[in-house]
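The following exercises are to be worked through with the sequence and the three-dimensional structure at hand. Each task is followed by a solution set out in steps.

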Amino acid sequence: MFDKKKKKLPIGVEFFASMIEENYYYVDKTLFIRDIIDKGSKFTLCTRPRRFGKTLNQTMLKCFFEDTAPLSGKDTRALFNGLKIETAGEEYMDHQGKYPVIFLNFKEAKLSTFEKSYNKLKFEIIEEIKRHRYALEKISDKDDIALFDKLASGAGSEEEYSFSVKFLSKCLETYHGRKTIILIDEYDVPLENAWSLKFYQKMVIFIRSLLGNTLKGNEHLQFAAVTGCLRISKESIFTGLNNLDVISILSGHYDEYFGFTQMEVDAMLKHYTFEDKTQLIRDWYDGYLFGNKEVYNPWSLIKCLSEWTAMPERAPQPYWANTSSNDIVRQILENSNSDVRADLETLMSGGIISKKIHEDVTFDEIEEDIDNLWNFLFFTGYLKKVGVERQDADNRLTLDLAIPNREVRYIYFTKIESWLKEKVKVKDFSLFFDALLNGNAEIVKNELNNTLGDSISYFDGKEDFYHGLIVGILGRLQYYTVKSNRETGLGRCDIALKQTTRRNKAVIIELKWAKKEKYLQKECDAALKQIEDNKYADELISENYTEIIKYGIAFCGKYCEVKKGK
């Protein structure tokens with residue numbers, strides 16, 4: 001039973017005010033405010049993987065800087081009582097509640113068409129304009145009043161909404177007498193979605209225009225902080241923004257403000273009396289290196305602790321697996337070559353690979369260079385940097401990369417295996433089926449070896465992988481039923497294939513796994529002997545099957561041997 005004296009765990013809580021007012025456990029990241037002020041960048045793009053606290057930090061900035069007097073009138077200074085920013089010095093708290101703030105979140109603009117996605121972005125902008133309707137009180141220009149009303153009503157054109165945020169910042173400066181802070185969260189979500197659904201060019205035109213008008217040459221801007229998962233290339237999105245300050249996971253700036261440090265995790269485990277699970281938590285959710293800080297995945301850690309408050313004995317789970325889209329990685333993998341599969345094999349066996357990494361991503365060139373795969377895996381949290389960075393003669397960055405932890409390793413295993421199985425489902429196996437049903441062991445072997453060539457060796461050491469692969473293929477054969485591990489004769493045969501129409505033909509398959517290729521023939525013989533010794537055919541004979549074909553199939557890595565019995 002959960003101890004009511006302990007703070008609530010913030011499952012899905014993304015808004016800073018709710019975190020503080022509703023007594024959730026808050027890992028204090030408020031010194032991010034101090035560092036934003038000290039660094040003084042006009043335009044900051046901070047990229048981090050999904051579910052690493054970007055929205056919470058953006059809403060924290062909003063609560064800190066926003067002048068709420070003409071809005072709710074609520075004093076937000078109390079939200080920061082006792083937090084690190086309050087003790088950092090009055091020179092920082094002097095900024096609290098002093099600025100107009102425009103806050104936009106693009107994460108829901110990932111719909112099936114450009115029109116639907118654009119309308120969602122438009123809705124976000126309209127709601128923010130309506131939130132600041134009070135600014136009309138000090139606008140005297142009739143054209144500006146008319147434009148404000150037009151934009152707030154949703155009647156503006158696509159071009160007018162592309163400069164609407166800049167226009168709103170002008171109106172807010174007029175009202176407050178201070179320049180505006182602009183916060184944009186998850187800016188890249190509509191772009192990634194548009195690339196996946198094939199309307200990228202339309203979306204990139206609008207986002208480029210919106211961000212360009214908002215951030216470039218905006219004399220009404222105090223500063224802008226933009227967050228996302230990836231840095232979309234300057235040429236395609238941030239044209240003309242020469243003073244853009246990009247803070248990626250390779251930067252030492254703000255490195256401890258997204259994700260939980262070891263000290264923060266230790267304090268959290270102590271609060272919930274789970275100190276004995278420190279190593280388990282570290283194995284599953286630690287391992288990310290942002291700048292110079294090693295951090296934990298905050299989403300998965302909080303989810304795990306929440307489960308433990310009700311069931312302390314439960315094993316950790318891969319909570320992060322389904323929190324973001326894997327479409328891009330999947331599409332690249334489906335077009336991957338043997339070199340990529342070899343690198344994945346190295347990673348999944350606990351090894352390290354070295355790859356060229358660049359921070360810019362150009363979606364429309366993504367399929368032209370397979371190295372983009374490693375960029376995506378690295379910047380989206382599926383890989384971590386190990387060792388030191390290196391540069392070649394052309395100043396290209398090379399990193400040693402590995403899988404961060406057990407959670408991400410699980411994701412590789414399940415996602416890639418499922419994608420491989422789906423790939424098998426659409427393959428033409430008519431030649432394989434014909435050979436199998438007519439006793440041609442040589443063609444059966446060749447077809448299986450061709451299929452195994454598309455596999456990942458990491459799976460090949462698993463006997464159940466081969467078993468599942470064969471059962472999955474045979475399940476597509478019409479007019480036959482597949483029985484797997486069914487008890488028959490004196491034991492269980494691995495696979496029995498039975499004709500369902502005339503009931504005169506059946507196939508028995510016994511599978512073996514060899515540690516070395518030189519043992520494949522021996523294992524095939526052992527499989528056929530097992531079929532005979534355990535009388536696997538007896539039940540089929542009793543069911544009046546007159547033609548029973550027996551196969552011993554042995555696997556080793558990406559190779560197999562097939563023998564037909566007598």
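## Overall architecture

The protein has 24 helices and 17 strands. The model is a predicted one.

**Exercise 1.** Describe the dimensions of the protein, its burial and the sequence range of its contacts.

*Solution.* 
- Step 1. The C-alpha trace spans about 95 × 55 × 50 Å along its principal axes.
- Step 2. Of the 566 residues in the protein, 54% are buried.
- Step 3. The exposed surface comes to about 25,000 Å², of which carbon and sulfur atoms supply 48%.
- Step 4. Among contacts with a separation of 6 or more, 72% are accounted for by residues 24 or more positions apart.

**Exercise 2.** Determine how the rings of Phe274 and Trp308 are arranged, and where the two residues lie in the chain.

*Solution.* 
- Step 1. A search of the whole structure gives 27 aromatic pairs. One of them joins Phe274 and Trp308, with 5.5 Å centre to centre and 65° between the planes.
- Step 2. Planes over 60 degrees apart count as edge-to-face, and the pair of Phe274 and Trp308 is accordingly edge-to-face.
- Step 3. Phe274 belongs to the loop between α12 (262-271) and α13 (278-285), whereas Trp308 belongs to helix α14 (residues 298-310). The two residues are 34 residues apart, and the pair links distant parts of the chain.
- Step 4. Phe274 has a relative accessible area of 8% and is buried. Trp308 is likewise buried, at 1% relative accessibility.

**Exercise 3.** Classify the pair formed by Tyr466 and Phe555, and state which elements it connects.

*Solution.* 
- Step 1. The ring centres of Tyr466 and Phe555 are 4.3 Å apart, with 10° between the planes.
- Step 2. Planes under 30 degrees apart count as stacked, and the pair of Tyr466 and Phe555 is stacked.
- Step 3. Tyr466 lies in helix α22 (residues 463-474) and Phe555 in strand β16 (residues 547-556), 89 residues apart. This pair, too, links distant parts of the chain.
- Step 4. Both Tyr466 and Phe555 are buried.

**Exercise 4.** Which residues are linked into a cluster by ring pairs, and which residue lies over the face of Trp195?

*Solution.* 
- Step 1. The cluster consists of Phe16, Tyr26, Phe64, Phe65, Phe80, Tyr99 and Phe223.
- Step 2. Over the face of Trp195 lies Lys198, at 5.6 Å from the ring centre.

**Exercise 5.** Describe the surroundings of Thr214.

*Solution.* 
- Step 1. Thr214 is located in helix α11 (residues 200-215).
- Step 2. With a relative accessibility of 1%, Thr214 counts as buried.
- Step 3. The Thr214 side chain reaches the backbone oxygen of Leu210 at 2.7 Å.
- Step 4. When residues up to four places away in sequence are not counted, Thr214 touches Val165, Lys166 and Ile182.

**Exercise 6.** Is helix α17 mostly covered or mostly uncovered?

*Solution.* 
- Step 1. Helix α17 covers residues 371-379, and eight of its nine residues are buried.
- Step 2. The buried residues are Asn372, Leu373, Trp374, Asn375, Phe376, Leu377, Phe378 and Phe379.
- Step 3. Gly381 follows α17 and has a positive phi, near 95°.

**Exercise 7.** Locate Tyr479 and Lys535, and give the phi of each.

*Solution.* 
- Step 1. Most residues other than glycine have a negative phi.
- Step 2. Tyr479 is not a glycine, yet has a positive phi of about 70°. Tyr479 lies in the loop between α22 and β13 (480-488) and is exposed, at 55% relative accessibility.
- Step 3. Lys535, also not a glycine, has a positive phi of about 55°. Lys535 lies in the loop between α23 (520-533) and α24 (538-542) and is partly exposed, at 42% relative accessibility.

## Cysteines

**Exercise 8.** How many disulfides does the count give, and why do Cys229 and Cys556 form none?

*Solution.* 
- Step 1. A disulfide requires cysteine sulfur atoms within 2.5 Å.
- Step 2. For Cys229, the closest cysteine sulfur is that of Cys46, 12 Å away, which is too far for a bond. Cys229 is buried, at 2% relative accessibility.
- Step 3. For Cys556, the closest cysteine sulfur is that of Cys560, 11 Å away, again too far for a bond. Cys556 is buried, with a relative accessible area of 10%.
- Step 4. The count comes to zero disulfides.

Key:
Residues numbered from 1 in each chain as written. Predicted model: local features only at pLDDT ≥ 70, side-chain atom pairs only at ≥ 80, totals over all residues. Heavy atoms only, no water. Phe/Tyr/Trp six-rings, centres within 6.5 Å; stacked < 30°, edge-to-face > 60°. Helix = DSSP H or I, 4+ residues; strand = E, 2+ residues; numbered from the N terminus. Buried < 20%, exposed > 50% of the residue type's maximum accessible area, 1.4 Å probe, protein only. Lys NZ or Arg CZ within 6 Å of the ring centre and 35° of its normal. Polar contact = N/O pair within 3.5 Å; in protein donor to acceptor, adjacent residues only side chain to side chain. Contact = heavy atoms within 4.5 Å. Areas by Shrake-Rupley, 256 points an atom, 1.4 Å probe, with all protein chains shown as cover.
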